[in-house]
Protein chains: 2
Amino acid sequence: MRATTTVDLLVRGGTVVTMDAQRRVIPDGFLAVHGDRIVAVGTAAEAGQYRAKTVIEAGGKAVLPGLINAHTHVPMTLFRGLADDLALQEWLTKFIFPAEAKNVTREMVRAGTRLACLEMIRSGTTCFVDMYYFEDDIADVTEAAGLRAIVGQTIIDFPVPDALTPQIGLAQAERFIQKYKTGHPLITPAVAPHAPYTCAPETLIACRKLADKHGVPLVIHLAEADTETQTILERYGRRPIPHVERVGVLGARTIAAHVIQTQPDEYAILKKYNVGVAHCPQSNMKLAAGVAAVPEMRAAGLAVGLGTDGAASNNDLDLFEEMDTAAKLHKVVRRDPTTMPAEAVLEMATIEGARAIHMADRIGSLEAGKLADFIIVDVSNPRQLPNYQLASTLVYATKSSDVETVVVNGKLLMRDRRILTLDEAAIRRETATFRTRILESLQK
Amino acid sequence: MRATTTVDLLVRGGTVVTMDAQRRVIPDGFLAVHGDRIVAVGTAAEAGQYRAKTVIEAGGKAVLPGLINAHTHVPMTLFRGLADDLALQEWLTKFIFPAEAKNVTREMVRAGTRLACLEMIRSGTTCFVDMYYFEDDIADVTEAAGLRAIVGQTIIDFPVPDALTPQIGLAQAERFIQKYKTGHPLITPAVAPHAPYTCAPETLIACRKLADKHGVPLVIHLAEADTETQTILERYGRRPIPHVERVGVLGARTIAAHVIQTQPDEYAILKKYNVGVAHCPQSNMKLAAGVAAVPEMRAAGLAVGLGTDGAASNNDLDLFEEMDTAAKLHKVVRRDPTTMPAEAVLEMATIEGARAIHMADRIGSLEAGKLADFIIVDVSNPRQLPNYQLASTLVYATKSSDVETVVVNGKLLMRDRRILTLDEAAIRRETATFRTRILESLQK
């Protein structure tokens, strides 16, 4: 007689896409969760020993690691569609900067984060990397929503809603980091120097020191725009990546967003410091920033994840679309239909994304011992059929609306599309209030 | 006292996006439908005189012209995801051509069309332009599903499932055209010479003569691949567009798909014959064919619509994604965030699409006298909020799953996401049968 193990949650019957080192896909699989951890993964035949309080039958569905959004600005969801299709300077100076100056308060940040968390849970994102202001409020709301996040307090050389100077920003970042740094189950605090063109070398160094002092990630926009390359070349005589290396901001647990304006010899610099890259294809397309050399960076051994960027420049937080776009964009740019196959972008949204944000030891794959962050996705919608190859179905034919169930840290956040941690009606009301307020603020 | 007019269907309370010449958007609007026609469009205040058997309350929703898919191969939906991320020749010769040779029968074409119609109705497409084999079966199934289509019988110089020679194909096309050409409410028959590299000049001329004899559209793949340009240059000493003009295949109601390999002086040729262009951004990306010069073609006065191409090279039939991708792709290719604004791609999916397929006198906008082809779309999903600008919301933040109600030719095909004309369970079963059959056929 076999011993029986009681666990909190058992998922059985689905196709388990582990994204483990062997990239095992288990057609009739199971997943056992106890507390915040995955305790076993295998074939349904092996599930017999587990008894659970909650059992989810996932027959005909796919069970995937939760998707990782490696770069976003969640409160900006309240600016979604405020102004589109404009030249970058006009968009920033006439809309985004004034809207931020007049509206970004703790209250607004909390409301925007709630709206974003709702969208992320519904679309299968279980972990995100944020960079904005009032990050303690973002952390607080994210925790209440039940999502996992690296939450980066922005440091920048001009006055921003939560700090008149970078020194004030740094002091604030340190308080925030101290509050969350010790083993919080969901929140990893980080310091986020905005970009090399908005932060002087002293500011960048101070950010690196703060990150090292507390052992937290450092998040930065890097090599995003042509104008950045020109500015950095003019000011410092080097291109952005060699510049940030020289300044000394690259180091442990660095996450760089965009990384478009690169030369092949610069990948080695990023590799040397194990910098994770957040590729944001839809935002880069919409803002016409350019196309990052993702196949080349992957070939150079860099960890490249996927990000949506903020909803103001996308205009959603949908990693299923981001996978589809990443797979297609690099094909047409290189005129090579074999580059970036479905399996590669699925990696970027899961295990490689985890590697890019320096959390691959804990998330990104479904393996015993890892944190229980996973999603259950319908793959039998008529528009996904006949479903010959699962990776292809997931990347090219699955929509965020196919995500049915979301678990983070062992806790159900959505079950059969019913949101369990957020009050959708209240979020709608709150969003309507801010919509009016933001529109009025721009008319003044 | 005002007279009362009784109509069949009244939609009221929604934001009516007319896409008429003034591009009127009526915030609290109505739409009255009688028989197959729109009889009135206006503000809700003007709706008082209308009484209807069926009233749809559309408060908080957008009412749009049905989306037009200007290029697809609907039966290929059964090959969705059969093989992806391969070099073009390998994909065609190892998978698509063998799969077609072994599986394309009347029965398969009917099943694939049913699956495609289900997906198109669910995603808000009301009219499509098809090019495949056994088009009489495609027409028959499309009619039963209630969709509108231009159905083009493919003519090609090598043996295909429904014709051993182009002569047999032409005879078959003529029988098909004669059956449907006189005022069918939904189906417009067409002749579809496959492409200049697969059809000799004699074949192309025969197709043009057939189209002219019966006054039907001519659908052709044109200037899709580099290899096509090389082949046509070698064979005929001209690039594809000058070649097809010289041969004489351009003429009334021509619809050309892809049109990627162009030079600026070739737009005038297309314009001279009023050729409509079907731009297929996602397929062109996935197959690495290139990026069509859409802003330039639009500037040259060409009508450019949007197509998904077949689901084997996309892998879906989703025009909401196609709009989003078209808006973003041309921005990054031109490094200009102002090109292809949301309004432009919304035109391409509606009134410009109608112009491209030579049906703008009947469909593509919501105006009294036009055929009643429209969709009702939710715009209050949290991931669409705050919804500052409707065109932006529709293009950048709306998903096909937001389409709630679909009307074609005055008839409800889907209401509140319930499909009324197709048996979804039967389609699933039928698809599963063909899945097995197609997989087995490739193992022989």
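Colleague: What should the 17 residues of helix 2 of chain A span, at 1.5 Å a residue?
Modeller: Helices are DSSP runs of H or I with at least four residues, strands are runs of E with at least two, and both are numbered from the N terminus. The expected span is 1.5 Å times one less than the number of residues. Helix 2 (residues 106–122) of chain A should therefore span 24 Å, and its end C-alpha atoms are 24 Å apart, which agrees. This is a predicted model, where local features need pLDDT of at least 70, side-chain atom pairs count only at pLDDT 80 or more, and totals for chains, interfaces and linings use all residues. Residues are numbered from 1 along each chain as its sequence is written, chains are lettered from A and ligands numbered from 1 in the order in which they are written, and side-chain values use heavy atoms, leaving out hydrogens and water.

Colleague: How many residues of that helix 2 of chain A are buried?
Modeller: Buried means under 20% relative accessible area, exposed over 50%, and partly exposed in between (1.4 Å probe, protein chains only). In helix 2 of chain A, 13 of the 17 residues are buried.

Colleague: Which residues does UniProt list for "binding site"?
Modeller: UniProt positions use the numbering here, with shortened feature names, and annotations may be inferred rather than shown by experiment. The unreviewed entry lists A:His71, A:His73, A:His221 and A:Asp309. They span 239 residues in sequence, yet no two of their C-alpha atoms are more than 11.7 Å apart, so they gather at one spot.

Colleague: Is A:His221 buried or exposed?
Modeller: A:His221 is buried, at 6% relative accessibility.
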